[in-house]
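Take a walk through this model, one contact at a time.

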Amino acid sequence: GDWLQGPYVYALYQHYGYDKGDIGRLFIAGFGSSMVFGTIVGSLADKHGRRRASITYCVVYMLSCATKHSPDYRVLLLGRVLGGIATSLLFSAFESWLVAEHCKRGFDPQWLSVTFSKAIFLGNGLVAILSGLLANALVTSLALGPVAPFDAAALVLALGMAIILASWPENYGDASDSKGLMAQFQAAATAIASDEKIALLGAIQSLFEGSMYTFVFLWTPALAPSSQLIPHGFVFAIFMLASMTGSSLAARLMARPPPARRALHADRLRCRRAPPLLVPLFAFFVLEPVAPDGGGITPGGRVQLVGFCVFEVCVGVFWPSIMKMRAQFIPEEARSTIMNFFRIPLNCFVCIVLYNVSAFPITAMFGMCAIFLAMAAVLQRRLFAISAPARPDKPVCHSDPGEGKTRETEQEPLL
């Protein structure tokens with residue numbers, strides 16, 4: 001449901017006649033919404049149930065898709081706000097539900113690495129590739145227009161919601177009736193401030209994802225600076241194929257060597273994620289990516305596409321690695337709240353970048369992203385240094401899976 005929309009968000013706004021500044025403000029509304037409401041919905045997920053939060057995600061995102069039928073700027077703005085709320089739920093409620101259910105059922109904590117790698121390989125890889133190709137077919141082959149992928153996404157989200165309703169049991173973080181939202185916020189902030197590993201993890205995630213979401217906005221104007229006709233869905237599918245390659249590589253790195261070595265291997269790969277985003281600078285100054293309006297992708301654009309694919313390979317390595325570390329270091333009782341706390345600085349960073357999108361050339365923005373990725377690599381080295389000697393195999397289940405923090409409303413197994 002999310003991947004079907006990805007290739008044509010920017011293209012749809014262009015289709016409605018909005019310029020880069022207008023589109024930037026729409027993206028700001030989405031990231032700002034995620035920043036403002038994300039922590040609240042994360043805390044509500046911990047308190048009232050991750051299953052309910054996942055169902056809410058489906059409903060809110062379907063409403064966001066419905067707004068894409070209107071060219072009115074205010075309606076599109078509302079859609080971005082709803083999309084921001086849904087994104088916060090997507091990146092916290094599902095993962096929190098999985099980790100809690102995994103622990104509650106007494107599975108080996110180390111199996112989470114395999115689960116996360118397969119989820120990224122299939123969900124962020126294979127499914128995303130098929131989604132990109134389907135979106136491209138709906139728009140180009142069937143000529144249904146750039147809003148068609150959003151209608152298809154709404155149908156997929158409805159199907160996902162039906163599966164959740166039929167098969168998921170409920171689980172909770174800290175479901176104490178006496179603890180309000182402010183108390184949950186305070187507990188999450190205390191956990192981050194008192195544990196350097198959690199703070200470093202949050203900084204790494206913010207720097208990387210902030211750069212990644214800036215890239216999500218910039219790749220379309222970077223490859224088509226003069227409104228060249230590029231197959232957005234096909235290019236998106238290529239990106240997802242590269243990401244799938246990275247997640248497969250991450251699975252091998254985390255499964256085969258001993259824990260300290262596998263962490264070091266993944267760390268070294270993440271240290272190499274900044275250089276690919278410097279490729280647009282090379283393409284701009286050496287192979288000027290300018291062509292007549294409506295032409296195909298330029299030689300400079302092709303060079304950039306190669307660099308973007310290398311970056312997507314690093315994204316594929318990053319996701320299962322960061323998910324495993326979040327499961328290892330973040331306490332269960334406030335997992336969704338803390339994960340959405342991490343999203344506050346990244347959303348703030350992206351909003352600042354997009355607000356100034358018309359003031360700086362694209363090359364400067366990609367250079368800034370590369371700097372932030374290099375900073376994330378330095379922090380990752382620090383996290384490895386302080387966590388590896390202490391306890392590299394620390395289990396992810398921070399409390400007895402049968403005690404207190406989960407309440408079962410269904411007894412049926414997941415499979």
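Start at R382, which is partly exposed in this predicted model, with a relative accessible area of 39%. The model is a prediction, so side-chain atom pairs count only at pLDDT 80 or more. R382 meets E196 in a salt bridge, 3.0 Å from N to O. The two residues lie 186 apart and link distant parts of the chain: E196 sits in helix α9 (residues 196-223), R382 in helix α15 (residues 362-387).

E209 pairs with R343 in a salt bridge of 3.4 Å, N to O. This pair also joins distant parts of the chain, from helix α9 to R343 in helix α14 (residues 335-355), 134 residues apart. Both E209 and R343 are buried.

Another group is a network: salt bridges with shared partners connect E101, K104 and R105. The salt bridges number 10 by the rule used here.

Now move to R74 and D72. Their salt bridge has its closest N and O atoms 3.5 Å apart. R74 is exposed, at 66% relative accessible area. D72 is partly exposed, at 29%.

F121, L122, L126, L130, L133 and F234 make a patch of about 530 Å². Helix α6 (residues 111-141) gives the most to it, with five residues. F234 comes from helix α10 (residues 232-255). F234 counts as partly exposed, because its relative accessibility is 44%.

Technical notes
Residues numbered from 1 in each chain as written. Predicted model: local features only at pLDDT ≥ 70, side-chain atom pairs only at ≥ 80, totals over all residues. Heavy atoms only, no water. Patch = residues over 30% accessible without salt bridge, like charges linked within 9 Å, V, L, I, M, F, W, Y side chains within 5 Å. Areas by Shrake-Rupley, 256 points an atom, 1.4 Å probe, with all protein chains shown as cover. Salt bridge = Lys/Arg side-chain N within 4 Å of Asp/Glu carboxyl O. Helix = DSSP H or I, 4+ residues; strand = E, 2+ residues; numbered from the N terminus. Buried < 20%, exposed > 50% of the residue type's maximum accessible area, 1.4 Å probe, protein only.
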